[in-house]
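Good morning, colleagues. Please look at the sequence and the structure first.

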Amino acid sequence: MGFIDSYKSLEKLCSEMYSDNHGLSTYIDEMTNIPNASYYVQGWDDDLKQLKHYRWVRNKIVHEPGYTEENMCVPEDMQWLNNFYARIMSVSDPLALYRKARSPQTTSKPKQTYVTQTTSYTYTQPKKAASKPAGCLTYLIGALLGLAVVALIIITI
């Protein structure tokens, strides 16, 4: 009964996440209702296909005569369900990864802003401004005063 127990655990977890009785089906429906999510999450389509398949297997075992874990499942099926359960718990399941990919990256933007702010308050700009050449108007005035002094010297000689 490894497959059914693993499925029940995953079903219970999803039911608690969504606060409803259709846990895994609700998870599957949410995945199905997100168009082009596979562009954001690698393996999205494979996970969705597997979840739908395992729901179908579970329904066959539970509701149809002649279907059992022994003739419907292999040990890898139980391992996959347990792995998916662990991915939900570690927030690395497809829906969590999709939300991360689509949400504004507020954690990285403040870091970038903070770095920008701290570098802009280094007071290097005033030092650079003070060490720049005087400018055209100041240069012209200085040149004219210099010419005037030279002209006065020539006149007085």
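**An aromatic pair and its surroundings**

Phe3 and Tyr54 are both buried, where buried means under 20% relative accessible area, exposed over 50%, and partly exposed in between, with a 1.4 Å probe and protein chains only. Before I go on, a word on the basis: this is a predicted model, in which local features need pLDDT of at least 70 and side-chain atom pairs count only at pLDDT 80 or more, while totals for chains, interfaces and linings use all residues. Residues are numbered from 1 along each chain as its sequence is written, and side-chain values use heavy atoms, with hydrogens and water left out.

Rings of Phe, Tyr and Trp (for Trp, the six-membered ring) pair if their centres lie within 6.5 Å; planes under 30 degrees apart count as stacked, over 60 as edge-to-face, and the rest as tilted. The count by this rule is seven aromatic pairs. One of them joins Phe3 and Tyr54, a tilted pair with 5.7 Å from centre to centre and 55 degrees between the planes. Phe3 belongs to helix 1 and Tyr54 to helix 3 (residues 44-63), so the pair ties together parts that are 51 residues apart in sequence. Phe3 and Tyr54 also sit in one aromatic cluster with Tyr7, Tyr27, Trp80 and Phe84.

Helix 1 (residues 2-18) also holds Ser6. Is Ser6 buried or exposed? Ser6 is buried, its relative accessible area being 6%. Neighbours within four places in sequence aside, Ser6 is in contact with Met78, Leu81 and Asn82; contact means heavy atoms within 4.5 Å.

Let me turn to the chain as a whole. It has nine helices and zero strands; both are DSSP runs numbered from the N terminus, helices being H or I with at least four residues and strands E with at least two. Of the 157 residues, 25% count as buried. Among contacts with a separation of 6 or more, 60% are between residues 24 or more positions apart. The accessible surface is about 11,400 Å², and carbon and sulfur atoms contribute 60% of that; areas come from the Shrake-Rupley method with a 1.4 Å probe, and for residues only the protein chains shown count as cover.

Finally, the surface. Ile153, in helix 9 (residues 136-156), is partly exposed, with a relative accessible area of 46%.

Thank you for your attention.
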